Amino acid sequence: MRFSGLRVLKEGLTGNKGWQPHWRDPEPKPAYDMIIIGGGGHGLATAYYLAREHGLTNVAVLEKGYIGGGNVGRNTTIVRANYFLPGNSEFYSHSLRLWEGLEQELNYNVMHSQRGLINLFHSDGQRDAFARRGNAMINQGDDAELLDRDGVRRHLPYLDFDNARFPIYGGLYHPRGGTARHDAVAWGYARGADQRGVDLIQNCEVTGIDIEQGRVTGVQTTRGAIRAKKVGIVVAGRSGQVAAMAGMRLPIESHILQAFVTEGLKPCIDHVVSFGMGHFYISQSDKGGLVFGGDLDFYASYAQRGNMPMMEHVMEAGMTLMPMIGKARVLRSWGGIMDMTPDGSPVIDKAPVEGLYLNCGWCYGGFKAVPGSGYSFAHLMATDRPHAPAAGFRLDRFQTGRGLMDEEGTGSQHNLH
Amino acid sequence: MRISCPICGERDRREFYYQGAAVALDRPAPDAAAQAWDDYLHNRDNPAGPVREMWHHEAGCGAWLVVTRDTVTHEMLASDLASRVQEAGS
């Protein structure tokens with residue numbers, strides 16, 4: 001089934017009776033060539049690119065819940081490529097290019113909206129750092145424009161420019177940054193993988209990883225044992241538990257990150273705005289809700305909910321930056337489980353066990369990485385060679401100290417990112 | 001979330017700095033193998049359930065605490081002074 005404007009019109013005029021389920025609901029087979037543990041954005045994208053780029057379709061994605069029920073449906077939907085460090089820059093640049101062709105590629109409306117992202121700065125020193133970051137982005141082939149105060153005012157007239165503590169000096173504008181409909185990204189990749197023959201198996205929790213003589217031979221699940229020659233672990237905040245099934249301890253601590261949504265409002269915030277000094281960022285969803293968040297609560301957690309001090313902090317920062325949002329009522333808030341690494345950058349690498357592959361450590365920035373991560377992880381699993389843009393995401397960088405990617409420059413230590 | 005300080009009693013979480021899993025109680029010897037240091041600095045059990053953590057009562061009495069906390073419910077199960085835990089040899 002292909003989607004088109006004509007199809008929507010036809011279905012609209014005939015009672016919407018012709019729509020089909022977007023993917024099958026198959027029983028697990030006894031064996032596959034490859035198993036992807038985790039049916040989130042990264043796992044589904046991996047399965048899609050395994051089929052699309054490498055012709056590998058005897059693949060199963062095992063999801064303990066339902067497709068789109070994890071972090072891919074619980075984030076703040078921001079898509080950008082404004083990284084600074086080599087290793088990160090080329091990866092996110094590649095990912096953004098994949099985003100830009102994604103809807104045509106998947107024949108699926110993921111509502112990718114390149115509305116522009118503005119990172120604000122509040123001092124001369126910060127301006128220098130942002131100018132440097134913008135130059136790194138331009139050198140990478142992406143877009144960046146340094147805005148002065150009036151430049152920011154043209155885009156965001158509603159900010160409090162003369163705040164006593166954080167007066168706005170300007171911003172780094174990334175016009176190709178924006179947002180996307182998070183669920184649709186999962187659904188689009190799920191549909192694309194399913195159409196190419198990948199089995200998406202929901203309500204199937206992996207309970208063990210079978211290893212014989214240092215080689216993966218399959219997995220145990222709540223729906224029986226499934227054999228496979230290669231197994232990829234793509235389970236975000238649960239990486240520690242799944243890796244433990246293979247006898248591994250990972251450089252990951254799972255933390256809580258909260259997000260908030262207000263009641264629906266008429267369009268008022270046209271960009272993604274980030275206020276780094278206040279640990280606050282905001283955009284407006286297509287439904288009209290203001291979607292905003294801040295920093296981690298800064299303690300390990302699997303609760304999927306946070307505590308009041310960080311809520312207060314985020315609301316204060318929002319009011320500091322744009323007092324106009326004070327009358328909007330918050331409808332809901334939630335927390336996601338973030339797989340935090342010591343240096344704040346991810347891992348796409350082989351595990352020490354033969355046939356086992358790791359894709360984890362996306363910290364609080366996994367959503368924008370979905371296409372690039374799936375593409376690079378599929379490349380690694382299919383060819384056993386790292387994909388060039390993701391070659392820096394090595395697991396051993398922590399032990400050796402070579403190639404650490406500490407984008408914030410705070411140090412490679414667990415409680416600093 | 002409130003944390004029980006053995007010196008000050010139960011206090012708001014905001015008074016405390018979180019360091020992480022209580023690995024500092026078992027620091028490797030300076031000449032230990034690279035793997036031991038990697039485990040100590042980077043690798044974590046990261047359990048969903050009770051975990052022993054180091055918290056610093058920085059806006060209170062300044063004591064370092066070992067807090068046992070459930071990462072699924074945020075329930076505080078136990079807390080003690082890090083110095084006392086270290087002396088007891090655990």
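**A close look at one helix and its setting**

Guide: In the contact between the two chains, 20 residues of chain B meet 21 residues of chain A. On the chain B side, strand E3 (17-21) and helix H1 (34-41) of chain B are the elements that each contribute two or more residues. That side of chain B comprises 6 nonpolar, 8 polar and 6 charged residues. The model under discussion is a predicted one.

Within chain A, the domain assignment gives domain 1 as 24-78 + 182-251 + 343-416 and domain 2 as 114-177 + 253-340. The centres of these two domains of chain A, taken over C-alpha atoms, are separated by 29 Å. Their contact involves 17 residues of domain 1 of chain A and 17 residues of domain 2 of chain A. On the domain 1 side there are 6 nonpolar, 10 polar and 1 charged residues.

Because 12 of its 14 residues are buried, H10(A) is largely enclosed by the rest of the structure. The buried residues run from A:Val370, A:Pro371, A:Gly372, A:Ser373, A:Gly374 and A:Tyr375 through A:Ser376, A:Phe377, A:Ala378, A:His379, A:Leu380 and A:Met381. Following the helix comes A:Asp384, which has a positive phi near 65 degrees.

A partner of this helix is H3 of chain A, residues 89-100, whose axis comes within 7 Å of that of H10(A) and crosses it at roughly 105 degrees. The two helices are therefore roughly perpendicular to each other. From H3(A), the residues A:Phe91, A:Tyr92, A:His94, A:Ser95, A:Leu98 and A:Trp99 meet A:Pro371, A:Gly372 and A:Tyr375 of H10(A). By class, the residues of this contact are 6 nonpolar and 3 polar, with no charged residue.

A:Leu250 lies in the loop between helix H8 (239-244) and strand E12 (253-264) of chain A. It has 26 C-beta neighbours inside 10 Å and therefore counts as buried. Beyond its neighbours within four places in sequence, A:Leu250 is in contact with A:Ser239, A:Gly240, A:Ala243 and A:Cys360, and also with B:Asn43. A:Leu250 and A:Thr341 are 91 residues apart in sequence, while their C-alpha atoms are 8.8 Å apart in space.

Methods: Residues are numbered from 1 along each chain as its sequence is written. Chains are lettered from A and ligands numbered from 1 in the order in which they are written. This is a predicted model: local features need pLDDT of at least 70, side-chain atom pairs count only at pLDDT 80 or more; totals for chains, interfaces and linings use all residues. A residue is buried if 20 or more other C-beta atoms lie within 10 Å of its own, exposed if 12 or fewer, and partly exposed in between; C-beta atoms are placed from the backbone. Helices (H or I, at least four residues) and strands (E, at least two) are DSSP runs, numbered from the N terminus. Two residues are in contact if their C-beta atoms, placed from the backbone, lie within 7 Å. Ala, Val, Leu, Ile, Met, Phe, Trp, Tyr, Cys and Pro count as nonpolar, Asp, Glu, Lys and Arg as charged, and the others, Gly among them, as polar. Axes are lines fitted to C-alpha atoms, for helices over the stretch in contact, and angles run from 0 to 180 degrees between N-to-C directions. Angles under 35 degrees count as roughly parallel, over 145 as roughly antiparallel, 65 to 115 as roughly perpendicular and the rest as oblique. Domain bounds come from an automatic or database domain assignment.
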